[in-house]
Amino acid sequence: MADVSEKDIERANFAFNIYDFDGAGSVDAFYLGHCLRALGLNPTLALVEKLGGTKKKGEKTLTVEEFLPIFSQARKDKDTGVYEDFVECMKLYDKAENGLMVGAELHHILLSLGEKLNDAECNEVLKDCLDPEDEDGMIPYVPFLARVCEQPVPKSISPF
């Protein structure tokens, strides 16, 4: 694995060992996405499944030797969005180009696009990360995205 440094292998082993709950040298494939996210990656559920993750616990286990090439492959995936991509997408809903969008539209987006959230998940994300709506039902989307993507909230909220 020439594309993964010794330091990354050490980090991958550390993360793997965290999810090796019983110390048997294997991780339930159900936790593959968790382990990759602990390493700072942002794989989609589809990618996790494609790489060997499972939707149910106990179906399959992975050894560290199996995990390291998966980690390497997940690092190469360019199909995951980043903060800047999400800001650009939200600009489509910013009719006045002032950094605000209708709060109900954000709720709808989270429920219906991409890897859809269910109502409970959507409400939890909005409760934890969203600033209150103004009297017109508008919300600043840049601080919301910054919180969701674990970025510093910019001093200026206008993305333009």
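A residue is called buried when its relative accessible area is under 20%, exposed when that area is over 50%, and partly exposed in between, with a 1.4 Å probe and protein chains only. By this criterion, 34% of the 160 residues of the protein chain count as buried. The model is a predicted one, in which local features need pLDDT of at least 70 and side-chain atom pairs count only at pLDDT 80 or more, while totals for chains, interfaces and linings use all residues. Residues are numbered from 1 along each chain as its sequence is written, and side-chain values use heavy atoms, with hydrogens and water left out.

The protein chain contains eight helices and four strands, where helices (H or I, at least four residues) and strands (E, at least two) are DSSP runs numbered from the N terminus. Read along the sequence, these elements follow the pattern α-β-α-α-β-α-α-β-α-α-β-α. The C-alpha trace spans about 55 × 30 × 20 Å along its principal axes. Contact means heavy atoms within 4.5 Å, and among contacts between residues at least 6 apart in sequence, 58% join residues at least 24 apart.

Two packed helices are described by the angle between their axes and the distance between the axes. Axes are lines fitted to C-alpha atoms, for helices over the stretch in contact, and angles run from 0 to 180 degrees between N-to-C directions. Helix 1 and helix 4 pack at an angle of about 120°, with their axes 10 Å apart. That angle makes helix 1 oblique to helix 4, since angles under 35 degrees count as roughly parallel, over 145 as roughly antiparallel, 65 to 115 as roughly perpendicular and the rest as oblique. The contact is formed by Asp8, Ile9, Ala12, Asn13 and Phe16 of helix 1 together with Val64, Phe67, Leu68, Phe71 and Arg75 of helix 4. These residues divide into seven nonpolar, one polar and two charged, where Ala, Val, Leu, Ile, Met, Phe, Trp, Tyr, Cys and Pro count as nonpolar, Asp, Glu, Lys and Arg as charged, and the others, Gly among them, as polar.

Aromatic rings were examined next. Rings of Phe, Tyr and Trp (its six-membered ring) pair if their centres lie within 6.5 Å, and planes under 30 degrees apart count as stacked, over 60 as edge-to-face and the rest as tilted. By this rule there are six aromatic pairs. In one of them, the rings of Phe16 and Phe67 have their centres 5.7 Å apart and their planes at 40°, so the pair is tilted. This pair links distant parts of the chain, as Phe16 in helix 1 (residues 6-19) and Phe67 in helix 4 (residues 64-76) are 51 residues apart. Phe16 counts as buried at 2% relative accessibility, and Phe67 counts as buried at 1%. Elsewhere, Tyr19, Phe21, Phe30 and Tyr31 form one aromatic cluster.

Helix 8 (residues 141-148) is largely enclosed by the rest of the structure, because six of its eight residues are buried, namely Tyr141, Val142, Pro143, Phe144, Leu145 and Ala146. Its buried residues pack against helix 5 (83-91), strand 3 (100-102), helix 6 (103-112), helix 7 (119-129) and strand 4 (138-140). Helix 5 and helix 8 pack at an angle of about 150°, with their axes 10 Å apart, and they are therefore roughly antiparallel to each other. The contact involves Tyr83, Phe86, Val87, Met90 and Lys91 of helix 5 and Tyr141, Val142, Leu145 and Ala146 of helix 8. In this contact, eight residues are nonpolar, none is polar and one is charged.
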